[in-house]
Amino acid sequence: MEKLTVKEEECMEFFWVKGPLFVKDLLELYPEPKPHVNTLSTVVRGL
């Protein structure tokens with residue numbers, strides 16, 4: 001079984017706490033500096 005990358009794990013923590021989210025909603029949960037929407041979208045797609 002593959003381990004999650006640091007960015008994937010960070011993203012999954014939001015999903016575990018909040019449940020299903022759209023990328024735009026997930027982006028709002030990140031502290032500054034926020035990742036670019038395309039970067040975050042790529043991470044989510046990989047999950």
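## Where H1 ends

Helices here are DSSP runs of H or I with at least four residues, numbered from the N terminus. The model is a predicted one, in which local features need pLDDT of at least 70, side-chain atom pairs count only at pLDDT 80 or more, and totals for chains, interfaces and linings use all residues. Residues are numbered from 1 along each chain as its sequence is written, and side-chain values use heavy atoms, leaving out hydrogens and water.

With 13 residues, H1 reaches 19 Å from its first C-alpha to its last, close to the 18 Å expected at 1.5 Å a residue (the expected span is 1.5 Å times one less than the number of residues).

Which residues of H1 are buried? They are Glu8, Cys11, Met12, Phe14 and Phe15, where buried means under 20% relative accessible area and exposed over 50%, with a 1.4 Å probe and protein chains only. Seen down the axis of H1, these buried residues fall within an arc of 150°, so they line one face of the helix; the arc is taken from the directions from the helix axis to the C-beta atoms. Val6, Trp16 and Val17, on the other side of H1, are exposed.

## Packing partners

The buried residues of H1 pack against helix H2 (23-29) and H3, with contact meaning heavy atoms within 4.5 Å. The axes of H1 (residues 6-18) and H3 (residues 37-46) come within 10 Å and cross at roughly 80°. Lys7, Glu8, Cys11 and Phe15 of H1 meet Leu40, Val43 and Val44 of H3 in this contact.

How values were computed. Axes are lines fitted to C-alpha atoms, for helices over the stretch in contact, and angles run from 0 to 180 degrees between N-to-C directions. Helices (H or I, at least four residues) and strands (E, at least two) are DSSP runs, numbered from the N terminus.
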